[in-house]
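Please take me through this structure in the viewer, one selection at a time. For each stop, say what to select and what is there.

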Amino acid sequence: MTQALFGQLLIGLINGSFYALLSLGLAIIFGLLNVVNFAHGAQYMMGAFAAWMAMSYLGIGYWWALLLAPAAMGLVGVAVERLLLRRLYGLDNLYGLLLTFGLTLIAEGLFHQAYGNSGYSYPVPELLRGGVNLGFMYLPLYRAWVVVVSIFVCTLCWYVIEQTKLGAYLRAGTENPKLLQAFGVNVPLMFTVTYGFGVALAAFAGVMAAPVYQVTPLMGSSLIIVVFAVVVIGGMGSISGSIVTGLALGLVEGVTKFVYPEASSVVVFVVMAIVLLVRPAGLFGREQ
Amino acid sequence: VTRLASPIVWAWTAMILVGLAAPYLVYPVFAMNVLCLALFASAFNLLLGYTGLLSFGHAAFLGSAAYVTGYTLKAWGLPTELGVLAGTAVATLLGWLFGALAIRRSGIYFAMITLGFAQLVYFVIVQMPWTGGEDGLQGIPRGKALGLVPLDRPIAMYYFVFLAFLGGFFVVHRAIHSPFGQVLRAIRENEPRALSLGYDVDRYKLLAFVLSAALSGLAGSLKAVVLQFASLSDVHWHRSGEVVLMTLLGGMGTVMGPSVGALLVIALENYLANMGSWVTVITGAVFVVTVLAFRRGIVGEIRAIVKRSFIGVKP
């Protein structure tokens with residue numbers, strides 16, 4: 001009984017870690033560029049695939065993939081921002097959403113064409129195999145690693161954005177990019193780097209996810225819709241808010257899976273409806 | 001003074017003539033499919049093009065109506081008209097429910113909320129025992145129009161759909177060219193100003209949303225009768241994205257644009273039908289090119305050219 005509950009809570013916590021990582025990236029990109037990056041899910045999928053391809057074709061292991069896949073995807077992000085997104089600044093922000101939606105279709109279609117529907121499994125790295133028996137439950141090491149690293153990365157992002165000079169520039173750019181540019185900061189470069197960083201973060205989440213879930217071309221799109229709901233619930237106004245909301249909703253999902261499994265896939269959307277009724281601006285959002 | 005008939009009259013005449021002749025020129029099922037999705041896109045355009053609200057979950061209305069119509073025709077043996085009405089009614093109700101919640105946020109959040117609700121509908125339909133899960137509902141009977149004309153004949157079915165399409169299209173047209181439509185445009189252009197002029201903006205948005213959902217439902221119901229099946233692809237978010245593409249490609253905020261877009265997208269999909277996932281890739285590429293290069297869409301660009309050349313003639 002408690003075994004099962006804690007098991008579901010752990011799965012919830014892991015899902016929540018990915019919600020937190022992805023909604024954090026979305027919030028950073030949206031904050032500065034005013035673009036809702038629909039391709040975030042596809043970029044997460046490509047991160048996972050990059051790790052899998054590096055392993056199968058080049059024999060590059062998990063630890064290098066954890067570094068290289070985000071770096072490669074970050075460069076892809078830089079190119080996307082430079083070549084495509086940049087042309088849409090100053091327009092209604094729905095065009096950014098539609099452009100990245102188109103990119104999602106292209107990426108998913110290509111991977112689906114090449115790799116089909118079936119999932120590929122990625123082995124857990126040797127160092128993190130096995131688990132610990134905590135008495136009330138069995139804790140696989142890799143899962144603990146995912147939760148700890150996600151929280152660490154999220155906290156690091158929060159620290160950099162809220163407490164450092166670099167973060168101060170970022171926040172200033174979010175408030176008023178023109179003024180910041182007048183002070184001599186290279187704002188266009190900042191936009192490029194920020195988008196690249198957001199994409200790298202999504203790819204990082206993808207590599208982390210590869211040993212937990214199956215690597216499939218469609219793994220990102222179902223996730224990103226949930227992450228959007230998380231973003232609506234939390235509001236994109238605050239970095240810490242999106243982290244907390246992500247983790248909390250993962251746990252809510254886990255509990256639901258234990259209590260009433262049929263509802264687990266929809267519970268996040270139900271929570272979204274309730275939040276819209278009670279606090280339309282989102283839990284951590286500010287009314288604009 | 002001779003006055004040319006307005007372009008709208010011309011467009012209507014052309015549309016009716018093409019519509020009447022279509023089943024003799026192309027494969028009737030293709031023509032019917034285009035009509036259903038053209039109605040869907042026109043209903044969607046009422047929101048995106050005229051109210052400035054991007055719904056990313058319109059598949060929920062199309063798909064739920066298709067399932068309800070399919071089920072009531074197949075399991076309860078309702079007459080075709082009543083089945084279509086039932087599907088439309090359910091979509092209207094859903095539209096009212098989701099609309100009332102979604103309009104509490106605006107802009108980009110609105111898109112995310114509608115996407116979320118559509119995903120909710122998708123999961124519910126996957127799990128419900130009566131929807132046939134992954135297989136969908138198959139073998140939906142077409143029945144008889146008014147209990148007299150058997151709709152199994154493609155031509156009869158076609159004109160049934162065409163009539164319903166014209167009805168729905170007329171409603172969209174009337175809504176756009178009415179004081180109601182003017183208020184919607186005012187909301188699109190400047191919401192705070194519309195509010196300060198004393199318009200109950202939320203009520204107008206909700207009404208537009210419900211109307212759009214109802215007509216999307218009508219389109220879905222008709223589609224279920226035409227194709228004789230309802231499947232998960234009708235409630236999938238790809239379908240929601242597809243209708244955005246149709247509207248954008250044809251020209252949002254134009255009366256004819258969405259229908260033109262629907263025709264092009266369906267033709268493209270049919271043409272590429274056995275190319276697997278390349279359809280998705282090409283659809284995505286069309287999206288990217290449209291967003292980057294011609295955001296006014298085909299009809300919008302034509303309108304701009306016509307306007308420019310007229311202004312060139314007499315200043």
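Predicted model: local features only at pLDDT ≥ 70, side-chain atom pairs only at ≥ 80, totals over all residues.

**Stop 1: chain A against chain B.** Colour the chains separately and select the residues in contact: 42 residues from chain A and 38 residues from chain B. Putting the two chains together buries about 3,800 Å², and carbon and sulfur atoms give 79% of that area. Look next for polar links across the interface: seven residue pairs are in polar contact, both residues at pLDDT 80 or more. A search for salt bridges between chain A and chain B returns zero.

**Stop 2: the chain A side.** Select α4 (94–115), α9 (219–234) and α11 (267–278) of chain A, the elements that each give two or more residues to the side that touches chain B. Which of them gives the largest share of that side? That is α4(A), with 15 residues.

**Stop 3: a nonpolar patch.** Show the side chains of A:F152, A:L156, A:Y159, A:V160 and A:L166, which form a nonpolar patch on the surface. Together these residues have about 510 Å² of accessible area. Helix α5 (residues 141–163) of chain A gives the most to the patch, with four residues. A:L166 lies in helix α6 (residues 165–175) of chain A.

Definitions and conventions
Residues numbered from 1 in each chain as written. Chains lettered and ligands numbered in written order. Heavy atoms only, no water. Contact = heavy atoms within 4.5 Å. Buried area = accessible area lost by both parts, 1.4 Å probe. Salt bridge = Lys/Arg side-chain N within 4 Å of Asp/Glu carboxyl O. Polar contact = N/O pair within 3.5 Å; in protein donor to acceptor, adjacent residues only side chain to side chain. Patch = residues over 30% accessible without salt bridge, like charges linked within 9 Å, V, L, I, M, F, W, Y side chains within 5 Å. Areas by Shrake-Rupley, 256 points an atom, 1.4 Å probe, with all protein chains shown as cover.
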